[in-house]
Amino acid sequence: NGMAGEERKGGEGLKRRMGIFFLIVLSLFAFFYGWLIFLAASGSRFYLFWFFLSVSFLFLEELIRHGIWRRFPLLRGTCLLGIFTGLLFLLVSWSLIGTEFFSRGEEKLDYLVVLGAQVRPSGPAAVLRLRLDRAFAYLSENPETLCIVSGGKGQNEPCSEAEAMRDYLLRRGISAERILLEDQSKNTRENIANSARLLNPERDRVGILSSDFHVYRGKAIAKKAGYREVFAVSARSNRLYLLNNMLRESLALVKDKIAGNL
């Protein structure tokens, strides 16, 4: 019995040390990934979430280190329920986002609505350039399709996103007659609503072009806004920031659902 008890304590001690080590690794990962997102200077403060997550992992590590995790089953159960609920939420939301992640759209659409993203003094940021490169490829393959570039001017942007997008496409060789500007919107819902004034959402076949992690929400908002024939056109995104973008997009789905946009 004594030996069995010692073995059991040894096993529990090993699990405890492994749990502490695992949480420290997660905390360090969250901190440095948040710092990476901060350095990207995307204009969003979502990097703060990763710092919060880093502190949360350290908090759990301290609970385990000082034995509080074992002594308070209600606290342990609450934490585990929260973790399980969060993981289930990510599984569902990422599955929905994944349904349009690689969508290529349809040929010969009447309009292609390109959703804006950050513009820097040097021009469109990397995420927007990827969207515009995809738009250029589609417009080159479908010469009858008109393009609506959609995005207003943010406080830290030198011009409206629509202007920068138009200029980029003009430099690539898309004719000015095919490009319509929507330069007043501040978010995805406004992108969709304002672009609807430049086309007939009940009749026209419309492609919503955005980054792979974002295009599901863009299409869903368009359907809710009354676009009858709407298709997702996915643009590749930087895989280094994909985890951050997917997590942020999951929360944006909840926000838009509560606001009635989906």
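The second largest pocket of this predicted model is lined by 24 residues, of which L53, F57, I83, L87 and L90 lie nearest its centre; a pocket is an open set of points on a 1 Å grid over the protein atoms alone, where a 1.4 Å probe fits, with protein on both sides within 12 Å along at least five of seven lines, and lining residues have an atom within 4 Å of a point. Two or more lining residues come from each of α1 (2–39), α2 (47–65), α4 and α9, helices being DSSP runs of H or I of at least four residues, numbered from the N terminus. By class, the lining has 21 nonpolar, 3 polar and no charged residues, where Ala, Val, Leu, Ile, Met, Phe, Trp, Tyr, Cys and Pro count as nonpolar, Asp, Glu, Lys and Arg as charged, and the others, Gly among them, as polar.

The largest pocket is lined by 43 residues, with S42, S44, A117, Q118 and R248 closest to its centre. Its lining comprises 11 nonpolar, 20 polar and 12 charged residues, and the largest share, 7 residues, is contributed by α9.

Helix α4 (residues 73–98) packs against helix α9 (residues 242–259) at an angle of about 95 degrees, and the two are therefore roughly perpendicular, a term covering angles of 65 to 115 degrees. Their contact (heavy atoms within 4.5 Å) includes F89, L90 and W94 of α4 and L243, M246 and L247 of α9.

Residues are numbered from 1 along each chain as its sequence is written. Local features require pLDDT of at least 70 and side-chain atom pairs pLDDT 80 or more, totals for chains, interfaces and linings use all residues, and side-chain values use heavy atoms, without hydrogens and water.

Note on methods:
Axes are lines fitted to C-alpha atoms, for helices over the stretch in contact, and angles run from 0 to 180 degrees between N-to-C directions. Angles under 35 degrees count as roughly parallel, over 145 as roughly antiparallel, 65 to 115 as roughly perpendicular and the rest as oblique.
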